[in-house]
Amino acid sequence: MPDAAIDYSDIPPLTEEFWASAARGRFFRPTKTSTTVRIDSDVLAWLRGQGRGYQTRLNAILRREMLAALKKQG
């Protein structure tokens with residue numbers, strides 16, 4: 001079916017107000033990959049010493065650095 005033949009009459013138009021409150025990547029969830037990584041013992045102890053969720057914190061630190069490096073490239 002060509003685009004011109006599609007009936008959009010039941011879909012409300014997207015206004016500037018809608019786009020002003022839109023959030024990019026709000027529902028994006030990257031896939032997780034299990035891997036083995038060698039980390040210095042003191043770094044791991046520091047992460048674990050902050051309580052539960054050390055793997056999540058480690059991932060957040062790596063993601064922050066990745067995004068900063070990508071920003072520098074672009």
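Q: Which relative accessible area separates an exposed residue from the others, and is Ala 20 buried or exposed in this predicted model?
A: A residue counts as exposed when its relative accessible area is over 50%, and as buried when that value is under 20%. Ala 20, which is found in helix H1, has a relative accessible area of 68%. Because 68% is over the 50% cut-off, Ala 20 is exposed.

Q: Where in the chain is the confidence of the prediction lowest, and where is it highest?
A: Over the chain the pLDDT averages 92, and 100% of the residues score at least 70. Within that picture, helix H1, residues 16-20, has the lowest confidence, with a mean of 89. The highest confidence, at 97, belongs to residues 41-49, which form helix H2.

Q: How many helices and strands does the chain have, and what pattern do they follow along the sequence?
A: The secondary structure of the chain consists of three helices, with zero strands. Read along the sequence, these elements give the pattern α-α-α.

Q: Is the chain spread out or compact when set against the globule rule?
A: For 74 residues the globule rule gives 11 Å, whereas the radius of gyration of the chain is 21 Å, well over that value. The C-alpha atoms fill a box of roughly 65 × 30 × 30 Å along the principal axes. Since its radius of gyration is well over the rule, the chain is, relative to a compact globule, more spread out.

Q: What share of the 74 residues is buried?
A: The chain exposes about 7700 Å², and carbon and sulfur atoms supply 56% of that area. Residues count as buried when their relative accessible area is under 20%. Of the 74 residues in the chain, the buried share is 1%.

Q: Which helix supplies the largest share of the lining of the largest pocket?
A: The largest pocket holds about 630 Å³ of space, and its lining is made up of 17 residues. By class, this lining has eight nonpolar, six polar and three charged residues. At least two lining residues come from each of H2 and helix H3, the latter spanning 54-73. The largest share, eight residues, comes from H3.

Q: What distance separates the C-alpha atoms of Ala 20 and Leu 58?
A: Leu 58 is one of the lining residues that lie nearest the centre of the largest pocket, a group that also includes Thr 33, Thr 35, Gln 55 and Asn 59. Ala 20, by contrast, is found in helix H1. Along the chain Ala 20 and Leu 58 are 38 residues apart, and their C-alpha atoms are separated by 33 Å.

Definitions and conventions: Residues numbered from 1 in each chain as written. Predicted model: local features only at pLDDT ≥ 70, side-chain atom pairs only at ≥ 80, totals over all residues. Heavy atoms only, no water. pLDDT = per-residue confidence, 0-100. Helix = DSSP H or I, 4+ residues; strand = E, 2+ residues; numbered from the N terminus. 1 Å grid on protein atoms, 1.4 Å probe; cavity = no way out; pocket = protein on both sides within 12 Å on 5 of 7 lines; lining within 4 Å. Points joined across faces, edges and corners; volume = space filled by probe spheres on them. Nonpolar A, V, L, I, M, F, W, Y, C, P; charged D, E, K, R; others polar. Rg over C-alpha atoms; globule rule 2.2 N^0.38 Å. Buried < 20%, exposed > 50% of the residue type's maximum accessible area, 1.4 Å probe, protein only. Areas by Shrake-Rupley, 256 points an atom, 1.4 Å probe, with all protein chains shown as cover.
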